[in-house]
Amino acid sequence: MAGTGKSTISRTVACELADNGKLAASFFFSRGRGDISHAGMFFTTIATQLAEHLPELRPLISKAIDDHPDINQRRLRDQWKLLIFDPLENAPMQSKQIVIVIDALDECEDKEKIKLILQLLVEAKNLQTMRLQVFVTSRPETPILLGFRKMLGETHQDFVLHDIPPPTINHDISVFFQQKLSVVKAEHGLSTPWPDEPTIQLLVERAAGLFIYAATTYRFIRDGMDPEYQLSVILSGEYTSTSPTGNLDNIYTNLLQYSLIGDRPPCEHEALLQGFRQIVGSIVIISDVMTIQNLANLLSLRRGKVGTVLASLRSVLNIPEIESQPVRIFHPSFRDFLLDKQRCSDRFWIDEKKIHNDLFQHCLELMCKRLRQDICDIREPGVLITEIPKDMVQSLITVDLRYACRYWVYHFQQGNSVEEDSRILHFLRQHLLHWLEVLTLVGEVSKGVLMIASLERILKVCSGLYFSKSL
């Protein structure tokens, strides 16, 4: 399946399958979101859900894990065979039908892994005792198309959203606007015929078949103090682009202009835009989700400043009411818009490399400030990791520090910050063991070894041996 609105559809399908008892597992990829942005935990997550939902598979999957304790470090092919295919093949079930839902496969950052996942899933057709179906949503990107092209025709069935007749899509969007805005009208006690039918049709026309346009427009109108004025802001925008994303780009630009700049005096604009780029740019770039407080800690900002910037952008950002919940963007199209200089105006454009470089520096500064020997005050060098209370680790190694330890090398690579060589060497001389201690406590020490190997490859300091000898 391809096209805009895939995530909404996949979640709807997942809910219906769950209600019917057919949903066995699901995985929702999201680019730039830690473990769900790559394929490393794809099959292990699917296996865990299979064991939870199908008691018949539980002992078989458990045995595979017992026999292969390093299964989470093995190749995807091994994980598929040992954790999923073999248990399904040997399960004491006859003619049972189950479904796995995979959402936004195109959001997986490793394109080669995408093709491999599709190749492995095809092997499910060889199962003798069970019928496994896989529901996949994705934009039609090259690795996806190549992966499906190698399958036999009877193995998969394509359903392209863009092939749905436009009148059907427009009707659905019209119903969406009518239902959602009628609720807004009731909540605000609007007595006039609002919005009237011509206005609904104009909104449908501007949506151009994009449900994300309709959803963003609705949130903008709903979250304002005066929905009639909010709607007038939407209708006052220029929508003449013939680009496939033109209308969506226009509404994002219009909403940012209104929500962030508004009628504030020109002397305040640059400071507002600078805060926007730093805070929202970090949200769309970071490799994991964070609460407002954790993000403020990472960026060395006051929580109030971060909260103020984000509060004005509720139509495009999911700002939770509960402080312990993370901030998220509503839809990947907003991130794509902000990072594309051709689509986004200069004042709102996010320079991806600059934000990566800034995040790298913030990570380094945070680690230099917080890392120390025996960070959890255990005072027993020989204690086993399993004997250290998890709540102690979580309270002393906060989310922002954990993030810095896990992703500072990644941001260094993506920002091409080769001029920071001396700072990295200084950090490693002072805190290498402290850093590895934290990674060990949070179960990520293997990633630390890989990060050091990456640094050896990319640092260009004097000779190729300088980095290793300097430590």
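Trainee: Why is phenylalanine 177 called buried?

Mentor: In this predicted model, phenylalanine 177 has 0% relative accessibility. Buried means under 20%. So phenylalanine 177 counts as buried.

Trainee: What makes the pair of phenylalanine 176 and phenylalanine 177 edge-to-face?

Mentor: Start with the pairing. The ring centres are 5.9 Å apart, and rings pair within 6.5 Å. Then take the angle. The planes stand at 65°, and over 60 degrees counts as edge-to-face. So the pair is edge-to-face.

Trainee: How many aromatic pairs does the structure hold?

Mentor: It holds 18. Among them is phenylalanine 42 with phenylalanine 43, at 4.8 Å centre to centre and 65° between the planes. That pair is edge-to-face. Phenylalanine 42 and phenylalanine 43 are both buried. Both also belong to one aromatic cluster with Phe27, Phe29, Trp80 and Phe85.

Trainee: Where does phenylalanine 27 stand in the strand pairing?

Mentor: Phenylalanine 27 stands opposite isoleucine 102 in strand 2. Strand 1 (residues 23-28) pairs with strand 2 in the parallel sense, over five bridges.

Trainee: How do you know that strand 2 and strand 3 pair?

Mentor: Count the bridges. There are seven between strand 2 and strand 3 (residues 130-136), and pairing takes at least two. The sense is parallel. Valine 101 stands opposite phenylalanine 135 in strand 3. Valine 99 has glutamine 133 as its bridge partner. The chain gets from strand 2 to strand 3 through helix 5 (residues 111-122), in a right-handed β-α-β crossover.

Trainee: What makes strand 2 mostly covered?

Mentor: Strand 2 spans residues 96-103, and six of its eight residues are buried.

Trainee: What makes arginine 370 and aspartate 400 a salt bridge?

Mentor: Their side chains meet at 3.3 Å, N to O. The limit is 4 Å, so the pair qualifies as a salt bridge. Arginine 370 lies in helix 16 (residues 352-370) and aspartate 400 in helix 18 (residues 399-415), so the pair ties together parts that are 30 residues apart in sequence.

Trainee: Which parts does the pair of glutamate 444 and arginine 406 tie together?

Mentor: First, the contact: the side chains of glutamate 444 and arginine 406 meet in a salt bridge at 3.6 Å, N to O. Glutamate 444 lies in the loop between helix 19 (421-441) and helix 20 (445-458), and arginine 406 in helix 18, so the pair ties together parts that are 38 residues apart in sequence. Glutamate 444 is buried at 13% relative accessibility. Arginine 406 is buried at 14%.

Trainee: Why is arginine 74 called partly exposed?

Mentor: Its relative accessibility is 31%. Arginine 74 and aspartate 70 form a salt bridge, with the closest N and O atoms 3.4 Å apart.

Trainee: What makes arginine 219 a charge over a ring?

Mentor: Arginine 219 lies over the face of phenylalanine 330, at 3.7 Å from the ring centre. The distance limit is 6 Å. Lysine 341 lies over the face of tryptophan 349, at 4.6 Å from the ring centre.

Notes:
Residues are numbered from 1 along each chain as its sequence is written. This is a predicted model: local features need pLDDT of at least 70, side-chain atom pairs count only at pLDDT 80 or more; totals for chains, interfaces and linings use all residues. Side-chain values use heavy atoms; hydrogens and water are left out. Rings of Phe, Tyr and Trp (its six-membered ring) pair if their centres lie within 6.5 Å; planes under 30 degrees apart count as stacked, over 60 as edge-to-face and the rest as tilted. Buried means under 20% relative accessible area, exposed over 50%, partly exposed in between (1.4 Å probe, protein chains only). A charge sits over a ring if NZ of Lys or CZ of Arg is within 6 Å of the ring centre and within 35 degrees of the ring normal. Helices (H or I, at least four residues) and strands (E, at least two) are DSSP runs, numbered from the N terminus. A crossover is right-handed if, with the strands pointing away from the viewer, the path from the first strand over the helix to the second runs clockwise.
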